[in-house]
Amino acid sequence: MSTEFWLKGLNPEQVQAVLHDHGPMLILAGAGSGKTTVLVSRTGRLIQQGIAQPNQILVMTFTNKAARELKHRVQVKIGSASQGLTAGTFHSFGLQLLKKYYRQAGLPKDFGIVDGTDCQAILKELLRDVKVIGKDRYDLERILGIINRRRTGETKKNQAFDEYDEMAEILTEKFVRRMDILGVVDFEALLIKPLELLQKNPDILERVQDQYQQIMVDEFQDTNLVQMRLIRQLAEKNLNLSVVGDDDQSIYGWRGAQVQNILSFPQEFKNCLVVKLERNYRSVSPILDLANQVISKNKHRHGKTLIAERKFNDQKKSNQLPEVFVVEQEEDESELIVSEICRLKSEGRRLKDLAVLYRSNSQGAWIESSLRKSRIEYSISGGTSIFDRKELKDVLAYLRQSLYPQDVTFKRIINTPPRGVGDTTIERLNSFAAANNLSFLEATKRWREAGVPERAGESLESLQKFLWTLPTFL
């Protein structure tokens, strides 16, 4: 394939980004400017022209869907030559490293992954041992957020502001220790532990750096401190780092994103090529003009102006101005939305062609209420799945353990419901298993040799008998 194959249909700025081979590059990609097309074309060209082998390319995305789309589009263009390309989220990349180097990371081979619901359940158990008046009224999600900020370095460990910060200071080390005892990692640890792994093992770091000759990061404006540290570690040897993002779309500061990562990138990485993708293929001029005027008031930005490339055949639609409604209360807002839906419906619009987007689930409750009052049919996308509830996860863990026994699943249910098997017992079994080259499950069957107290040992035997007979009831 010639170079022209990869540049077909691209505008001059996109061409500049696709033709970049070595060194750092910042692609400032405005909304709807074709950044995915640029990533696909650049990745395919690097492979097809032999600048990098597929297994030497790492593309970090923020969703698995984006990674799958990129790999699929590259494969469509160059076929089997793309096999070996690594594209995925930061968390999936971290998981890949931990699976490969689990010993050096201090993890069991079959370590498990827990989500936010599981983490809150662990905190609830730890709170039982904390002697503080009114501990039942604490918001576990808020405590977990503070703990995670402390773990990632966003908050200093000795810094305390209110009762929640003080409680987080008490629980942080206990929480991390409990995770280690259970042999599990949460989503934060999928970033923290790979970073620690590379920092403590120079040989592994060099191996990983030598493998990934070309690194690309999508949605760079949403990276946090730990992700940025990981990127620096991976790219510091070859410096072939291309990041794509839009500082004007950095809206996730509340969950740790650091817009400074993209603002300071050209200064941190010397001789950085900066490419601005300002041609928008999604919206029309009136919408972009409004967006440009609003964002221009922001003093902390690289600076770019989106230009509309899309044209409607209907001139009236092309010139239609966006409307902004200002209301004082959520109830007024929801009633206004429903009245607009009714108006559009009376004009012949179909309900299935209308969508209401809102920021938080709390806003959705008001809108739902107004829709029901007006007897307007609707469906909601998103929300918490029933399979995310702790109780159901526990039941599934029992079933899974009875049919396909694993250490990590057994540790989840070992004291659920409470049966007198605490951290000390689990630590003794872990040590006994390691010293005798046994799995944790095998160690539990030899609990007397491990020095486990009689009561806890009998509880373990009862649990194992129950799991053994459980399939007969299914």
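These legends describe close-up views of a predicted model.

**View 1. The whole protein chain.** The chain holds 22 helices and 10 strands. Its C-alpha atoms fill a box of roughly 80 × 60 × 50 Å along the principal axes. Of its 474 residues, 43% count as buried. The chain exposes about 26,800 Å². Carbon and sulfur atoms supply 49% of that area. Take the contacts between residues at least 6 apart in sequence: 73% of them join residues at least 24 apart.

**View 2. Helix α5 crosses helix α9.** Helix α5 spans residues 90-100, and helix α9 spans residues 189-200. Their axes come within 8 Å and cross at roughly 50°. The two helices are therefore oblique to each other. The crossing of α5 past α9 is left-handed.

**View 3. Residues at the contact of α5 with α9.** From α5 come Phe 90, His 91, Gly 94, Leu 95, Leu 97 and Leu 98. They meet Ala 189, Leu 190, Leu 191, Lys 193, Pro 194, Leu 197 and Leu 198 of α9. By class, the residues of this contact divide into 10 nonpolar, two polar and one charged.

**View 4. Lys 465 in helix α22.** Helix α22 covers residues 454-469 and includes Lys 465. The relative accessibility of Lys 465 is 58%, so this residue counts as exposed; the cut-off is over 50%. Ser 402 lies 63 residues from Lys 465 along the chain. The C-alpha atoms of Lys 465 and Ser 402 are separated by 9.9 Å.

**View 5. A cis peptide bond at Pro 417.** Most peptide bonds are trans. The bond from Thr 416 to Pro 417 is cis, with omega near 0°. Pro 417 sits in the loop between α19 (407-413) and α20 (423-435).

**View 6. Asn 271, with positive phi.** Most residues other than glycine have a negative phi. Asn 271 has a positive phi, near 55°, and is not a glycine. Its loop runs between α13 (265-268) and β8 (273-277). With a relative accessible area of 77%, Asn 271 is exposed.

**View 7. Arg 375, with positive phi.** Arg 375 is not a glycine, yet its phi is positive, at about 55°. The loop that holds Arg 375 lies between α17 (361-373) and α18 (390-403). Arg 375 reaches 79% relative accessibility and so counts as exposed.

Terms used:
Residues are numbered from 1 along each chain as its sequence is written. This is a predicted model: local features need pLDDT of at least 70, side-chain atom pairs count only at pLDDT 80 or more; totals for chains, interfaces and linings use all residues. Side-chain values use heavy atoms; hydrogens and water are left out. Axes are lines fitted to C-alpha atoms, for helices over the stretch in contact, and angles run from 0 to 180 degrees between N-to-C directions. Helices (H or I, at least four residues) and strands (E, at least two) are DSSP runs, numbered from the N terminus. Angles under 35 degrees count as roughly parallel, over 145 as roughly antiparallel, 65 to 115 as roughly perpendicular and the rest as oblique. A crossing is left-handed if the near helix is turned anticlockwise from the far one by less than a right angle, and right-handed if clockwise. Contact means heavy atoms within 4.5 Å. Ala, Val, Leu, Ile, Met, Phe, Trp, Tyr, Cys and Pro count as nonpolar, Asp, Glu, Lys and Arg as charged, and the others, Gly among them, as polar. Buried means under 20% relative accessible area, exposed over 50%, partly exposed in between (1.4 Å probe, protein chains only). Accessible areas come from the Shrake-Rupley method with a 1.4 Å probe; for residues, only the protein chains shown count as cover.
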